[in-house]
Amino acid sequence: MSNNIQLKKGLNIPISGAADQSIRKVIVPDVVAIKPTDFRALKAKLAVKEGDRVLAGSPVLINKECADIVFTSPVSGTVAEVVRGEKRKLLEVRIKADQAVEYVDFGKQDVKALDAEAVKALLMKSGLWACLIERPYGVVANPAATPKAIFVSAFSTAPLAAEVEFALAGELANIQAAVSALGKIAPVHMSFASEKSAFYGVEGATRHIFTGAHPAGNVGVQIHHVSPIQKGETVWTVTMHELAIIGRLLNTGKYDATRTIAVTGPKAIKPAYVKAVAGIAISALKEFFDASEGLRYVSGDCLTGKNVGAEGFLSFHDNQVTILKEGNEYEAFGWAKPFRFKQFSSSHTYFHWILSWLSPKQYDLDTNLHGGERAFVVSDVYGKVFPMNLFPIYLTKACIAKDIDKMEKFGIYEVLEEDLALCEYVCPSKINIQQYIAEGIELMIKEMA
Amino acid sequence: MNARNIVDKIKPTFEEGGKLGFLHSTFDAFETFMFVPNTTTKTGAHVRDCVDIKRVMIIMVLALVPAFLFGTWNIGYQHSLAFGLGWGFWNMIWYGLVKIIPLVLVTYIIGLGIEFTSAQINGHEVNEGYLVTGFILPLIVPVDVPLWMLAIATAFAVIIGKEVFGGTGMNIWNPALIARAFLFFSYPSKMSGDSVWVGGVSRFNEIGKAWQAGNGIVDGFSGATPLSDPAGYSALDMFLGTVPGSVGETSVIAILIGAAILIFTGVASWKIMVSSVAGGLLVGWLGGLVIPDAVPCWYHLIMGGFLFGTVFMATDPVTSCQTECGKWIYGFLVGALAVIVRLFNPGYAEGMMLAILLMNTFAPLIDHCVIESTLKKNAKKARIA
């Protein structure tokens, strides 16, 4: 069965620096990091100490609340450093990698013969359980729960996101194996941008077609239109590139964390793809930027990614790095100018919307806020970029007010921060909507536990 | 950049601990007026759209400019007619400016003064919303309103209408209309009747002389607005705006230019404008069936403050409905109520102000109903799926 869903609301931000479709470099990592902070509300404890030897697939962290869920090393090597923050909060486990990777052998699997429990057990002991994200709240999936479905978005509409077809070329067999295995746990739904997708032929999944501007590729938006999450229900999601890694585990018995990463952004020099593993250091990408400029290094895309800094590491779920200029400069009478050719606005109060008809242009966007924070004033800009039948501003206000009943009513179960990222982008009042939503979700986790 | 260097040099004086640290908000307001600040995103989306509230507000002010310019000319034109002066164009503009600039100065000085003080006390940034309110206010009062009354009304509107709720974005009623309502109910003799709409007439009636009054009021001059005397003016006069009335409300053409700017830039909701006009027309038409000597329903659109209210005040994004469906309902009721007041309340010819204020009050209720019904439908759909 296939459904076509056309979304009219959304916005593709014309930011420059899309990755050229070529692999510029294969990175043999020197140091990789495993960061418990990549997972919401995770309480992790260490399974290793500094100096220990690990293989690719050896446990490094253990979930305190469910000891079966482990987080494993993507490379073989020795534990170089355990980085802690305030109150000894565990921030990073850094592993000095070997030149050649040695893998833990989890055994090649015959997917047809596996049952749900066996799939769960294999994913948990290999560390790939962490790829499964549970909604509501976007936490690592609870293996005891039975999700009503597992959703996969087989395309990304996020600004400058890695092209799935290119980054996962030749991975069809692995993705097929992963879909078949996850299908034992719950029905799998996959959403494509068109029937021409290289992965459209995957068997065992309910297929949907979504067309429209960003965030049509966000799995949260897709779930909302296919099967909205009600109170008490859970849905799991997993990204395409992590499906490929799960597939490799099933087909080869190894946790092979290799992924194709898009290095993008207005300040990326010759943006292109690299082959690397999860958790690589930003410094391994040094030919992509000129560190003498004031830059921001984002793991993920420019709307939802995390500022990790030049010394930071790629986050667990990400396959994109965005390099932006820190826009800490003043602009004289910026708001009063009739045109601002160097900035972009989707608002009709500037005339980029007319210019883009005449000649589409890409803009070197930087991190300037372009204004001061105000109360919500304008009411109709948010709905235009939010293709869900919910009320984004009412939800945000409920989160600000910490009103759990209202948060529930306005759909906190259905969204993660990323789904409202565009609302934040267009907000003329410069309100940090994603932060409020994150605080709301954390409150829900605490109160509903 | 030169100007930037100067600002950087004096900035420490106004920062916390500086000599003039208590004027921090004021300095900040002027600084951000001249320079888009250098703040970068700290959380969430790393890049942001370059639109901000200042941009939205300046577009609203721009949209009001045609009505303002026409109003300025019309003040002179009406005065020249009333006193039989036979002035030329520039003479009318000059008289108009002399009359209107004090009104603008009073609203801005009083209003911004309160805004700056309250920002200072609360330690937050100065909101831009008053730039629009202060510009609308002179356009919706009779030209001869005494300045001290305007000052009190402005202060009332900014303090009670806005700041007590937390400033721009938090207010329930349109602040400019609060000021007008305050004037209307406190000083009705200066806000209605036949003598207040043309510059100098009320003063001449009271003391027998007025500035630039020539030989006195010409015979046959009525001073009534089209609302109280619809037969006295042709539809074309009302469309062009060469009739007495509040300063900015008379010219349909000037208001339509403003409406075009607002709709083109997406600053104000076209849904509210369209539905308000529809509501006004429908009730006007129904009224025509009930009341034998009622004016044609489309007269309501070009008389009095209906169109000005529809375009510039009902569409205020803060006090109107927030939901798209709610905007249709809200606009329709604004238009319908305004014409109902006009038709059935002979004591008060203008219904727009009360209609908008009343619907401002009910806008959250409309939103509530729209949201409830949408969420109910969502839940139903989810059960089926």
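User: Which ring does B:Arg55 lie over?
Analyst: B:Arg55 lies over the face of A:Tyr350, at 3.8 Å from the ring centre. Keep in mind that this is a predicted model.

User: OK! And what about A:Arg24, which ring is that one over?
Analyst: That would be A:Phe288. A:Arg24 sits over its face, 4.2 Å from the ring centre.

User: Let's talk about rings with rings. How many aromatic pairs are there over all chains?
Analyst: Searching the whole structure turns up 37 of them. One example is A:Phe39 with A:Phe71: the ring centres are 4.8 Å apart.

User: Why is that pair called tilted?
Analyst: The planes of A:Phe39 and A:Phe71 are at 50°, so the pair counts as tilted. Stacked would need planes under 30 degrees apart, and edge-to-face would need over 60.

User: Where do those two Phe residues lie in chain A?
Analyst: A:Phe39 is in the loop between β3 (31-34) and β4 (44-46), while A:Phe71 is in strand β7 (residues 70-72). The pair therefore ties together parts that are 32 residues apart in sequence.

User: Is A:Phe39 buried or exposed? And A:Phe71, buried or exposed?
Analyst: A:Phe39 is buried, with a relative accessible area of 6%. A:Phe71 is buried too, at 2%.

User: Now A:Tyr137 and A:Tyr413: how far apart are their ring centres?
Analyst: The centres are 6.2 Å apart, and the planes are at 55°, so this pair is tilted.

User: And how many residues apart in sequence are the parts they tie together?
Analyst: 276 residues. A:Tyr137 lies in the loop between β10 (133-135) and β11 (139-140) of chain A, and A:Tyr413 lies in the loop between α8 (404-409) and α9 (421-426) of chain A. A:Tyr137 is buried, with a relative accessible area of 13%, and A:Tyr413 is buried with 8%.

User: Switching to helices. Why is α4 of chain A called largely enclosed?
Analyst: Because 7 of the 8 residues in that helix (residues 219-226) are buried, the rest of the structure largely encloses it. Among the buried ones are A:Val219, A:Gln222 and A:His224.

User: Last topic: which domains does chain B have?
Analyst: The assignment gives domain 1 (2-34), domain 2 (53-220) and domain 3 (268-385).

User: How far apart are the centres of domain 1 and domain 3 there?
Analyst: Taken over C-alpha atoms, the centres of those two domains of chain B are separated by 45 Å.

Conventions: Residues are numbered from 1 along each chain as its sequence is written. Chains are lettered from A and ligands numbered from 1 in the order in which they are written. This is a predicted model: local features need pLDDT of at least 70, side-chain atom pairs count only at pLDDT 80 or more; totals for chains, interfaces and linings use all residues. Side-chain values use heavy atoms; hydrogens and water are left out. Rings of Phe, Tyr and Trp (its six-membered ring) pair if their centres lie within 6.5 Å; planes under 30 degrees apart count as stacked, over 60 as edge-to-face and the rest as tilted. Helices (H or I, at least four residues) and strands (E, at least two) are DSSP runs, numbered from the N terminus. Buried means under 20% relative accessible area, exposed over 50%, partly exposed in between (1.4 Å probe, protein chains only). A charge sits over a ring if NZ of Lys or CZ of Arg is within 6 Å of the ring centre and within 35 degrees of the ring normal. Domain bounds come from an automatic or database domain assignment.
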